[in-house]
Amino acid sequence: MYLGPILLTFVVGATLIALYFIPHHQAQEINSELLLWATIVYAFALILGSVSLWSVHAQRIRQRISGWPFSLVTLFALLGTTFMGVAWGIGEESPLGRFYSMVNSPLASTMFALLAFFIASAAFRAFRARNVEATLLLVTAIVMMIGRVSVGEFIWRGFPGLTEWLLDVPNLAAKRAIAIGVGLGAVSTALKIILGIERGYLGRTR
Amino acid sequence: MTWADRLLRLDRRIIFLLVAAGTALPLLMPVNLPISVSPRVEAAYQTIDVLPAGSTVLFSLDYEPDISAELQPMTIAIMRHCFRKNLHVIALTLYPAGPGLVEPAIRVAATKEHKVRNKDYAFLGYKSGFQTVMIGMGESIRQQFPVDFYGTPLDSIPVMRGIRNYGEIALLVNLTASSAADYWIQFAVGRYRKPMVLGATAVMATDYYPYLSSRQLLGLIGGMKGAAEYEKRMDLFGDARRGMDAQSLVHVIVAFLVILGTVALFASGQRGPAPRAEKPQE
Amino acid sequence: MPSELDTRLFDPGRINLLIGILLFLAFLIINMLRARAGHSFFIRPLAGLQALDEAIGRATEMGRPILYMPGLGDMSEVGTLASITIMTRVARKVAELGCDLEVPCYDPMVMAIMDGVARQAYREVGREHDYKVGSIYYVSAQQFAYVAAVTGMMLRDRPAANIYMGSFYAESLFLAETGNLTGAIQIAGCDKVTQLPFFVCACDYTLLGEELFAAGAYIGREPVQLATIAAQDWAKALAIAVMLIVLLLTAFGHPELRRILQVS
């Protein structure tokens with residue numbers, strides 16, 4: 001029952017690997033074409049997403065599940081933006097474009113700005129000298145926090161140099177080690193999928 | 001409950017208030033703390049500075065409003081540098097909300113340096129699909145962007161004359177907060193051998209240090225601090241330098257809170273492993 | 001690259017990568033043959049995965065849901081594929097114990113696949129009818145809209161356990177810190193190195209980088225799957241050896257060998 005999808009995965013996966021090594025312009029055109037296909041498939045998946053969004057939130061409103069007014073706002077926004085897009089297009093100056101840049105963008109920026117508060121709160125809780133390793137982490141964190149901003153240089157001229165060393169030597173060494181591990185893990189997972197060893201994505205749990 | 005215990009259970013809203021005050025005060029009352037230029041930013045500056053006048057620099061400005069505090073001042077500073085050196089600038093964005101930021105940034109930089117649209121720079125606008133666009137531009141820029149952001153055909157834009165693909169581009173500058181940087185390194189640097197300078201958010205920047213040592217990147221500007229360094233190198237006083245005082249004070253507040261938490265921990269006698277979920281049985 | 005169209009059938013600058021992939025493939029085949037011949041492989045315990053069962057058990061006892069987040073990656077991200085594998089284990093256990101599972105998704109395609117995986121897991125434990133349609137749902141493909149929806153849900157529904165597995169970006173700390181505030185047991189696994197410190201700070205257990213990819217083999221305990229971990233270890237040993245040799249040769253005045261590590 002799974003032979004068809006596994007074969008398809010193998011053929012597409014092996015083709016894409018081969019295309020990586022073939023710089024011929026026609027091969028690269030095929031590569032671009034395949035990437036376009038992925039975009040088209042994604043567009044169809046968005047229909048599934050919209051259906052899911054609608055059914056989940058409609059159910060929440062019907063059953064008055066906690067937070068249901070938010071679901072109402074979501075569905076209203078879904079219908080409203082769809083209507084704007086269909087009626088007046090999706091250009092920069094269209095109502096949808098303006099809605100995007102005047103409502104969605106500021107909201108996203110506000111959410112991102114909250115990160116500073118979350119970082120401060122997490123740092124206060126996590127950086128405590130419970131043992132030798134945690135103490136090392138704490139001292140390094142303080143040196144980095146002070147040394148990476150102008151005030152560090154104001155306090156001691158050697159701070160920027162010290163933080164550069166911390167970033168360039170211990171930090172980079174650890175990052176490279178983790179990155180090599182991640183890279184090999186990713187190659188291994190990709191090969192397992194292409195060869196049909198890993199079939200979780202087909203819904204097979206064993 | 002002792003003072004130490006109370007401090008250890010500090011309501012996080014108090015921390016939030018301190019951070020808010022630490023951000024707002026220096027913006028209202030700037031101190032202008034000193035800034036030194038790091039080797040990575042200096043390398044980025046030099047890469048642009050040595051380009052001969054008339055060379056074309058391609059800017060891929062792949063960010064949206066959420067990241068603009070870090071990357072918008074960077075865009076303006078680097079573009080002003082290019083304009084001062086009489087380099088031609090071609091800009092594009094791979095994010096749908098990008099044009100709303102990129103267009104005013106180019107306009108500000110060009111106005112300050114007395115440069116004219118289409119003669120000194122072109123803005124191609126937004127196109128979706130990272131890899132498709134990057135690979136496609138290797139074949140033909142016109143195929144990916146037949147018209148610019150304002151609807152003018154590329155063939156009618158003087159600054160685009162003779163620019164067919166990456167072959168005519170002297171340098172790629174990518175400012176991003178996403179994996180777009182990885183793709184640009186893979187395609188523009190790897191496949192088409194273009195020199196590249198990267199501007200990234202502070203969180204991301206250290207991920208790209210290995211690319212500097214392998215010379216896949218010629219310069220790296222990280223976060224608002226990097227942008228402030230670039231402004232300093234350009235002898236400008238822009239939004240990044242203005243924001244550095246606030247960033248400094250917030251860092252000091254967080255460092256102070258961390259020290260305070262540790263002092264409270266010692267005073268409460270709760271040292272030892274961090275409390276965490278009970279370990280499950282094998 | 002010149003403006004002329006490229007007509008080469010092979011990029012010689014990538015020969016080292018090709019050799020690397022072929023070697024990896026060879027390691028994989030050798031270890032799979034060893035596994036078929038009855039060789040047993042050791043895999044060190046991963047506390048984060050061991051904690052999954054406890055977290056699901058705790059949620060069942062408390063009568064609260066489990067929140068499983070597959071990250072913001074799409075189906076081309078290997079981290080997402082690893083997350084799907086871990087989801088198989090979570091869904092089976094949830095189906096066995098009968099607690100609620102909520103999976104808010106960022107990518108509609110990931111949602112569809114997660115839904116298929118969960119249904120199959122319920123079917124395999126004979127509880128197909130207990131599967132709640134709509135428990136795996138699409139939220140938004142906007143990063144911070146997703147954050148707002150999920151953190152809001154965390155604060156309203158107070159899930160007993162939050163499981164973060166996959167590729168996460170700037171939203172990692174928002175989600176993990178809010179989850180920490182609600183007192184949920186939190187288990188994370190992420191392949192994005194930059195985000196790992198945030199998860200380590202705010203979660204009870206964190207799978208670091210490649211541990212996320214090893215999860216499939218660890219969960220299944222199938223010899224062939226474990227063989228892939230052994231192949232990965234061989235590749236890592238080879239990478240270390242090559243780096244050491246190149247480093248020593250460079251130190252002794254033969255930097256030209258560095259070229260074998262350069263990729264075009």
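How many bridges pair strand S4 with strand S5 of chain B, and in which sense? Five, in the parallel sense, joining residues 171-176 and 196-200 of this predicted model. Local features here need pLDDT of at least 70, side-chain atom pairs count only at pLDDT 80 or more, and totals for chains, interfaces and linings use all residues. Residues are numbered from 1 along each chain as its sequence is written, chains are lettered from A in the order in which they are written, and side-chain values use heavy atoms, without hydrogens and water.

**View 1. The open sheet of chain B has six strands.** Strands (DSSP E runs of at least two residues; helices are H or I runs of at least four) are numbered from the N terminus, and two of them pair if DSSP finds at least two bridges between them. The order is S3-S2-S1-S4-S5-S6, with parallel pairing. S3 (121-126) and S6 (219-222) of chain B are the edge strands, each pairing on one side only. Leu175(B) stands opposite Gly199(B) in S5(B).

**View 2. Chain C has an open sheet of six parallel strands.** Its edges are S3 (136-138) and S6 (205-208) of chain C. Four bridges link S5 (residues 185-190) of chain C to S6(C), and there Tyr205(C) is the bridge partner of Ile187(C).

**View 3. Meet helix H3 of chain C, residues 78-97.** Buried means under 20% relative accessible area (1.4 Å probe, protein chains only), with exposed over 50% and partly exposed in between. Because 17 of its 20 residues are buried, H3(C) is largely enclosed by the rest of the structure. Gly98(C), with a positive phi near 80 degrees, follows H3(C).

Methods:
The expected span of a helix is 1.5 Å times one less than its number of residues.
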